[in-house]
Amino acid sequence: MTNDIVHALEAFLALVMGIMVIYAARHFIFSFSRLFGRQRHPYVDVDTVDWPAITVLVAAHNEQSVIEDCLRALLEVDYPADKMLIMPVNDRSTDDTRAIIDRVAATVQGRIQAFHRQGGKPGKAAALKEATTLVRTDLMLVFDADYLPGQGLIKQLVAPFFDPEVGAVMGRVVPLNGSRNFLTQILELERAGGYQVDQQARMNLGLVPQYGGTVGGVRVSALESAGGWHDDVLAEDTDLTYRLLLNGWSTAYTNRSECYEEVPEEWAVRRRQIIRWARGHNQALARHFWSTLRASALPWLVRADALLLLGVYAVPVLMLAAWAASLLVFMFGAEPLAGGTVLALALMSFGSLGNFAAFFEIGVACLLDGQTRRIRLLPLNIAGFLVSMVAISDGFCSQVLAALGRPRELKWDKTARYRTQRET
Amino acid sequence: MFSRPAQDPQRPPMHRALRQMDLPARRVLVALLLSGGATVALWLALPWILWGWQALMELLLRFCGIDAPVSQTYLPLAGWRISTLSVDFAGGLPDIWQLAAAALVVLALISLARWKGLRFLPAKYLALAIAVILLASMLQLTFAAGTVQRRAGDEATAQLWAGQILLLLLPGLLGCTYFILNDHLPRQLALLAASLVFVLLATPLLAVAHLVVLDTGSLLWSPLLFLLFGSLPMLMGVVAFYGWAMGWE
């Protein structure tokens, strides 16, 4: 291998190191903001108001094991019953989902209006798009069928919409089965870091909290002004976050609005989940990168964070490429020490600072959650990171190949459910 | 417009979503003094640290029957010269039996990675990563041995440099991530001491371990040692101490 190629690889390594340093700095800034900065919870005390009419969509595709629990939980919330319509969106289920929805709806006249979708384009986004045409309220909340909303959750999610600039709201997702096994425990750590620190810090700093597609809500007029649901995307939530942002709407994150979900209990399921997220997110990256970069109406800090957020599922691909490049540089490098002093220094400095930044964020989340015992699992998080890195890169490669070849039809690849209907 | 709930003892504890930490100036000062002082002390003690590493490595290498001189040298960095160690050890190219053994290892690892019965994906991917790195090394040493310009000692030297860098960065890292979180000086000192002792011992021991592997098994194993079994386990060890200390809070 010629020196030119080795130098080119070293330059690539230096570039990746630079990008990683930026992300590490971002982790540190968010952690410090969450710990010590001014916390923004502008809607937490909204309680005695004239609550608006809302529609709660529950997306369901073959959810017979969990849908009834979700609907029952929604029926027991403290939101005024006459102002809240529950709309289960049964998207072409082939199991007993439809029968269960109809059975529950029959017991509570007028509170549940089921939408049973028989055909049409597959995917959650397409299902929501069709269901939205039936929504008669300006506010709608979206839940996945495996979620268990608490009594006060709906009010907490609706409160931010009293701010006319808010186009979407996102709550905090908490694993229900976090202590089930090793995988669920490290996923619980990741979720804690992502919501308790990352999302809240972005809310604190006036940056871009992300709408997550569940445990959240959308203002229908904002949705329409941003072009409605796009059913040709894999991550309609990320896509919507950016379309709202670019159309002048903000997304509010309410850290207190906790809702429970099931995280994958098997590695293969986790792998499919992360591939789906990565493909959807990278699709949003391709669609919105340039428009976000050119959005002069946005403050530069908001734009910078929005761009960094778009890149989070591209970074693992870069890291894997950097590992491969460092292997080649080590094997073929002409200099005595794996590319030289600066490279060794950069690799090690990044390795310590960069890794510590992510671990610190998770540690802070556990500290604030008051669950410091599970912090001891921190070094084992590298197992989850390894799987994520490989799965995301796999998804990226197949996405690139698909883009070069024939576009594939989107399909609803939902995460496996573990809870049986009678367990809760 | 909206304010945080007041800290009233009659009210229930604050929801975790609303919790935050205060940062008194005294704690910042202690964190700065502790991490800054430790960093300065490490820089001043560097010659002795390097002398200790050199002595320990020479003792262990003699015990293992490996002739690999460890000498003090200087690392040029931005016009400065930073003392460090380097190891002079050529290492050998693999013979046919070692290549065959490595090929069997690669096949075994790939088979393990493809085995449907192994559902623990981190193990699958680790096996695959080791196989890929080993295969790349085998291919280079079989078909392009002339392109190999590194020596076995370079890998051990890289390990020593990595440990030295981590050692010097450690007080600052802990200052930013632990010392500012609490006022318990004994805990801070305990974490600092434990982490530093770990790195002080792990650095030369890992370097010697690598040299033993390279002496026994040839340069075939050096990419694997460099990428997966060098600074990474050291970092994870430091993170483990950090996680353990955070669990005290």
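A salt bridge is a side-chain nitrogen of Lys or Arg within 4 Å of a carboxyl oxygen of Asp or Glu. The model is predicted: local features need pLDDT of at least 70, side-chain atom pairs count only at pLDDT 80 or more, and totals for chains, interfaces and linings use all residues. Residues are numbered from 1 along each chain as its sequence is written, chains are lettered from A, and side-chain values use heavy atoms, without hydrogens or water.

**View 1. A salt bridge joins Asp102(A) and Arg98(A).** The N to O distance is 3.8 Å. Both residues lie in helix α3 (residues 97–107) of chain A, 4 residues apart, about one turn of the helix. Helices here are DSSP runs (H or I, at least four residues), and strands are DSSP runs too (E, at least two); both are numbered from the N terminus. An α-helix has 3.6 residues a turn, so residues three or four places apart point the same way. Over all chains, the whole structure holds 28 salt bridges.

**View 2. Chain A meets chain B.** In contact (heavy atoms within 4.5 Å) are 64 residues of chain A and 59 residues of chain B. The buried area is about 5600 Å², with 75% from carbon and sulfur atoms. This is the accessible area (1.4 Å probe) that the two parts lose on being put together, summed over both.

View 3. The interface of chain A and chain B has 2 salt bridges.

**View 4. Helix α9(A) has a kink.** The kink is about 45° and is centred on Arg287(A). The bend at a residue is the angle between axes fitted to the seven residues ending there and the seven starting there.
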